[in-house]
Amino acid sequence: MPRFLSLVRIEENTIDMESADPGFEQRMGALFEEITKAGAMVDTAGLRPTAEATRITWSDGQLSYTDGPFTETKEVVGGYAMLQCKDMAEAVEWGRRFLAVHPPQWKVGLEVREVEELPEG
């Protein structure tokens, strides 16, 4: 069964957990439990702020390192979920439901991509 990576995209420093409604964490927990019971959840996590990150770039045969925060980047990856689904439509449906539990004032996006599996052997 194919795997799908959902990259959670946020505008860093615009999402504040204190602005979440009281039921947000309960709704998210219930959804994660449902995805897990359905056998679709492989792994998920939020990511630390870009202020604690390092970007490594390869260009013209040279490595360069840039410590965060990455102020030139408006949107960053704030988390991920690795799902195992029958097809892209199922992965997108889980993503739709994930976004729908967020507070309406937050701006959150998902990029859902199928994982290209390496051939065995």
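A: Here is a walk through the sheet and the helices beside it.

This is a predicted model, so local features need pLDDT of at least 70 and side-chain atom pairs count only at pLDDT 80 or more, while totals for chains, interfaces and linings use all residues. Residues are numbered from 1 along each chain as its sequence is written, and side-chain values use heavy atoms, with hydrogens and water left out.

Let's begin with the sheet. Four strands make an open sheet in the order β2-β5-β1-β6, with antiparallel pairing. Strands here are DSSP runs of E with at least two residues, helices are runs of H or I with at least four, and both are numbered from the N terminus. Two strands pair if DSSP finds at least two bridges between them. At the edges are β2 (41-46) and β6, each pairing on one side only. From one strand to the next, the twist averages 20°.

Now follow β1 (residues 3-11). Nine bridges pair β1 with β5 (residues 75-84) in the antiparallel sense, and Arg3 has Gln84 as its bridge partner in β5. Seven bridges join β1 to β6 (residues 108-114), also running antiparallel. Look for Ile10, whose bridge partner in β6 is Val108, and for Phe4, which stands opposite Glu114 in β6.

Next come the helices. Helix α2 lies across β1, β5 and β6, running at about 165° to β6. Axes are lines fitted to C-alpha atoms, for helices over the stretch in contact, and angles run from 0 to 180 degrees between N-to-C directions.

The axes of α1 (residues 24-37) and α2 (residues 88-100) come within 10 Å and cross at roughly 165°. That makes α1 roughly antiparallel to α2 (under 35 degrees counts as roughly parallel, over 145 as roughly antiparallel, 65 to 115 as roughly perpendicular and the rest as oblique). Met28, Leu31, Phe32, Glu34 and Ile35 of α1 make the contact with Trp94, Arg97 and Phe98 of α2, where contact means heavy atoms within 4.5 Å.

Finally, a search of the whole structure finds two aromatic pairs. Rings of Phe, Tyr and Trp (its six-membered ring) pair if their centres lie within 6.5 Å; planes under 30 degrees apart count as stacked, over 60 as edge-to-face and the rest as tilted. Phe24 and Trp106 form an edge-to-face pair, 5.1 Å centre to centre with 70° between the planes. This pair links distant parts of the chain, with Phe24 in α1 and Trp106 in the loop between α2 and β6, 82 residues apart.
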